[in-house]
Amino acid sequence: DSIDGSAWEDVKRPARVAFAAAHEGLRSVAGNADGFPVEGDSQDTVELPLPDPTWPRPQAPAAARLPTISVVMPSFNQAPFLPRAIDSVFAQNYPSLQVLAFDGGSTDGSADILRAYGSRLSHCAVEKDRGPAHAINKGLALAQGEVLGWLCSDDMLAHGALIEIGKAFAEDPELDLVYGNALYVDAFDRMTLANHGTARTGLYFGEMQAPERVARYWEYVHALPQPTVFFRRRLLEACGPLNEDYQFIFDFELFARMGARGKVRKIEKTLAFYRLHDAGKSADWKRFLIELYRYSRPRWPRLLSADFIDPWASFVKHFVRR
């Protein structure tokens with residue numbers, strides 16, 4: 001803050017040159033465009049802030065009253081990961097927490113896992129539903145917290161995530177939605193790389209898009225990492241529930257509505273782990289892309305209008321690249 005504008009510009013110019021040179025060097029070593037190696041070696045270690053109830057809890061400001069947070073957990077045939085997901089919420093040691101679970105009729109023992117948590121779950125329903133968006137909508141309708149969110153049954157919250165989220169809302173009564181970054185992990189809680197078509201990365205970097213860019217989903221790698229997103233009840237009431245016509249991008253569509261309407265803040269920390277595995281929805285990327293196109297296409301300019309050529313050309317260019 002003490003550096004004036006001209007001095008700061010003098011610093012930034014050589015820094016850009018240095019970063020560009022470093023990036024080019026990394027690209028040549030890694031053998032790919034993003035500069036990050038796809039394969040590691042035995043010396044590689046990654047410290048992940050996995051939730052642990054024995055860790056010290058980050059302290060909230062003394063004057064701040066932390067809001068009640070409700071976490072909805074939809075569940076369907078993810079028994080190998082379900083206990084890790086639930087424990088990651090309870091391990092937050094958040095003082096005002098409600099957890100609601102909704103299993104859509106699993107056949108792998110998930111329902112028994114949920115029942116074993118007993119009264120620690122504020123609500124537990126095992127019943128057929130119309131898909132994950134329906135299950136989440138049922139939970140959000142029953143949730144009593146001031147702040148709401150959901151966690152899929154194969155994802156996890158990072159250590160201290162809820163305290164950071166609660167502090168953000170406590171410090172700013174005007175704040176409507178917060179989000180952060182996530183890390184991609186595999187079935188064994190190890191960081192893994194996600195293939196975004198044009199880049200491979202282990203970081204799910206949260207980025208809220210401007211309303212006019214949201215429909216052009218092919219132009220950016222990162223949308224909001226869903227398990228890091230929490231919002232006030234008033235924002236949900238203003239925007240309406242998840243669109244149950246979607247099976248894959250219902251979070252993307254809701255957050256686009258919310259981002260256009262509410263005050264949003266990003267917390268620049270790892271708040272969650274987004275799991276990639278063969279049985280997860282993310283493995284069916286083609287269906288994600290189909291739904292993204294269904295969402296995007298009606299928002300393009302009118303066919304044959306002068307403005308139509310730009311999104312059409314951009315779409316074709318990125319489609320061919322992928």
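This is a predicted model: local features need pLDDT of at least 70, side-chain atom pairs count only at pLDDT 80 or more; totals for chains, interfaces and linings use all residues.

Trainee: OK, how many cavities of 30 Å³ or more does a search of the whole structure find?

Mentor: One cavity of that size turns up. The largest cavity holds about 100 Å³ of space.

Trainee: Which residues line the largest cavity?

Mentor: Glu207, Met208, Gln209, Val214, Tyr220, Ala223, Leu224, Phe252, Phe255 and Ala256. By type, that lining splits into eight nonpolar residues, one polar and one charged.

Trainee: And which helix gives the most to that lining?

Mentor: Helix α8, residues 250–261, which contributes three residues.

Trainee: Switching to charges. How many salt bridges are there in the whole structure?

Mentor: The search comes up with 16. Take Arg115 and Asp112 as one of them: their closest N and O atoms are 3.4 Å apart.

Trainee: Where do Arg115 and Asp112 sit relative to each other?

Mentor: Both are in helix α3 (residues 110–116), and because they are three residues apart there, about one helical turn separates them.

Trainee: Are Arg115 and Asp112 buried or exposed?

Mentor: Exposed, both Arg115 and Asp112.

Trainee: What about Arg234, which residue does it form a salt bridge with?

Mentor: Asp176, with the closest N and O atoms 2.8 Å apart. That pair ties together distant parts of the chain, 58 residues apart: Arg234 belongs to helix α7 (residues 233–239), while Asp176 is in the loop between α5 (161–171) and β6 (177–185).

Trainee: Why does Asp176 count as buried?

Mentor: Because its relative accessibility is 12%, and the cut-off for buried is under 20%. Arg234 has a relative accessible area of 39%, so it is partly exposed.

Trainee: What's the N to O distance for Arg190 and Asp186?

Mentor: Their side chains meet in a salt bridge at 2.9 Å. Arg190 is partly exposed at 49% relative accessibility, whereas Asp186 is buried, with a relative accessible area of 13%. There's also a network: Arg213, Arg216, Glu219 and Asp310 are joined by salt bridges that share partners.

Trainee: Nice. Now the surface: which residues form a nonpolar patch there?

Mentor: Ile309, Trp312, Val316, Phe319 and Val320, and together they have about 540 Å² of accessible area.

Trainee: Where is Trp312 placed?

Mentor: In helix α10, residues 309–321. Trp312 is partly exposed, given its relative accessible area of 43%.

Trainee: Is Leu304 buried or exposed?

Mentor: Exposed, with a relative accessible area of 77%.

Definitions and conventions. Residues are numbered from 1 along each chain as its sequence is written. Side-chain values use heavy atoms; hydrogens and water are left out. A salt bridge is a side-chain nitrogen of Lys or Arg within 4 Å of a carboxyl oxygen of Asp or Glu. Helices (H or I, at least four residues) and strands (E, at least two) are DSSP runs, numbered from the N terminus. Buried means under 20% relative accessible area, exposed over 50%, partly exposed in between (1.4 Å probe, protein chains only). Patches are made of residues with over 30% relative accessible area and no salt bridge: like charges are joined within 9 Å, nonpolar side chains (Val, Leu, Ile, Met, Phe, Trp, Tyr) within 5 Å. Accessible areas come from the Shrake-Rupley method with a 1.4 Å probe; for residues, only the protein chains shown count as cover. On a 1 Å grid over the protein atoms alone, a cavity is a set of points where a 1.4 Å probe fits but cannot get out, and a pocket is an open set with protein on both sides within 12 Å along at least five of seven lines; lining residues have an atom within 4 Å of a point. Grid points are joined across faces, edges and corners, and a volume is the space filled by probe spheres set on the points. Ala, Val, Leu, Ile, Met, Phe, Trp, Tyr, Cys and Pro count as nonpolar, Asp, Glu, Lys and Arg as charged, and the others, Gly among them, as polar.
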